[in-house]
Amino acid sequence: MRVAIVGTSGAVGQELLKLLQERKFPLGELVLFGSARSAGSKYTFGGKEITVKELKENDDFKGIDIAFVSAGASTSKKYEKTITKYGALMIDNSSAFRMDDDVPLVVPEVNPRDAVDPPRRVIANPNCTTIQMVVALNAIEKLSHIKRAHVSTYQAASGAGATGIRELDDQYKAIVEGREPTVSKFAYQLANNLIPQVDVFTDNGYTKEEMKMYNETRKIMHSDIAVSATCVRVPIQRAHSENIWIETERPVSVEEAREAFALAEGVVLMDDPDALKYPMPLFQAGKDPVYVGRIRGDISNPNGLTFWCVSDQIRKGAALNAIQIAEYLIANGHCG
């Protein structure tokens, strides 16, 4: 198979390179694309040096089987037809197509069959916060329908890309050196701070990030679940955390929930309060699963459960999810 990565130099593009090697993805040739600025850069993959080609509206995608695209929504929209013109499957990591009716929005642990035969040869990767939440919610949905979910997110600087990581690092360095930290990527200084805003605000007072969690969850789970989110940027480098409260149609016991999480695909149960065992981004960064802990019944609602989950948003929240979509299609004879 001939595989392409569009947006190689970004945080997700770099993670895609790592994961394709780690998972021994079945490819015969890898082609790398980037902006005019990154064209000419060289990366080593499988012992070979590959030069990044400039993304242009031409025939460079002829013969490409799968293109993993992580270069931003505007780039995805501009180059969709160029990428898919000769039949390449475009697995897109931006927000460009997520809510389009003819573009499946896929998390393989939840709705893998939606990825089969996409009408436009485009499959959308959901938002990182949505991905880890629905992987966890799907375990409980199998026990009882989830009517609503309230979620507070604690999102790492790397959710804003490599520039977000650099800004946080630079701010801490400035503080240590007694200089005034520079603020550019985020609305305020992130070091030593929490920012209760991720993305821009919409007319209803929620941010776009928060509305993504509402709309994307319903599409992925084929559900009428009502999601209310508050998204917060926190001063850590990597891995998002979420506190999730759900209301189910029937009471689900903590024991039932623990068992469901323990058996769920893509979930690791880490729930032993007596031993102070629960997920934390310090230890879950760089790992693939969605980790769940702090499971407890809601003392204000007999049909309520609360739990905490942590996942690396560059891996499962982006690059890994995209690769798992392709792996599912290949394993089931729908690609390659």
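**Figure 1. Salt bridge between Glu 80 and Arg 120 in the predicted model.** The two side chains meet with an N to O distance of 3.1 Å. This pair links distant parts of the chain, 40 residues apart. Glu 80 belongs to helix H2 (residues 73–84), while Arg 120 sits in the loop between strand S7 (89–92) and strand S8 (122–124). Glu 80 counts as buried, because its relative accessibility is 6% and the cut-off for buried is under 20%.

**Figure 2. Salt bridge between Asp 100 and Arg 120.** The closest N and O atoms of this pair are 3.0 Å apart. Both Asp 100 and Arg 120 lie in the loop between S7 and S8, so the contact ties together parts that are 20 residues apart in sequence. Asp 100 is partly exposed, at 26% relative accessibility.

**Figure 3. Salt bridge between Asp 312 and Arg 238.** Here the N to O distance is 2.6 Å. Asp 312 lies in the loop between strand S14 (304–311) and helix H8 (315–331), and Arg 238 in the loop between strand S10 (226–233) and strand S11 (240–248), so the pair ties together parts 74 residues apart in sequence. Asp 312 is buried, with 0% relative accessibility, whereas Arg 238 is partly exposed, with a relative accessible area of 23%.

**Figure 4. Network of salt bridges that includes Asp 312 and Arg 238.** A search of the whole structure finds 23 salt bridges.

Technical notes. Residues are numbered from 1 along each chain as its sequence is written. This is a predicted model: local features need pLDDT of at least 70, side-chain atom pairs count only at pLDDT 80 or more; totals for chains, interfaces and linings use all residues. Side-chain values use heavy atoms; hydrogens and water are left out. A salt bridge is a side-chain nitrogen of Lys or Arg within 4 Å of a carboxyl oxygen of Asp or Glu. Helices (H or I, at least four residues) and strands (E, at least two) are DSSP runs, numbered from the N terminus. Buried means under 20% relative accessible area, exposed over 50%, partly exposed in between (1.4 Å probe, protein chains only).
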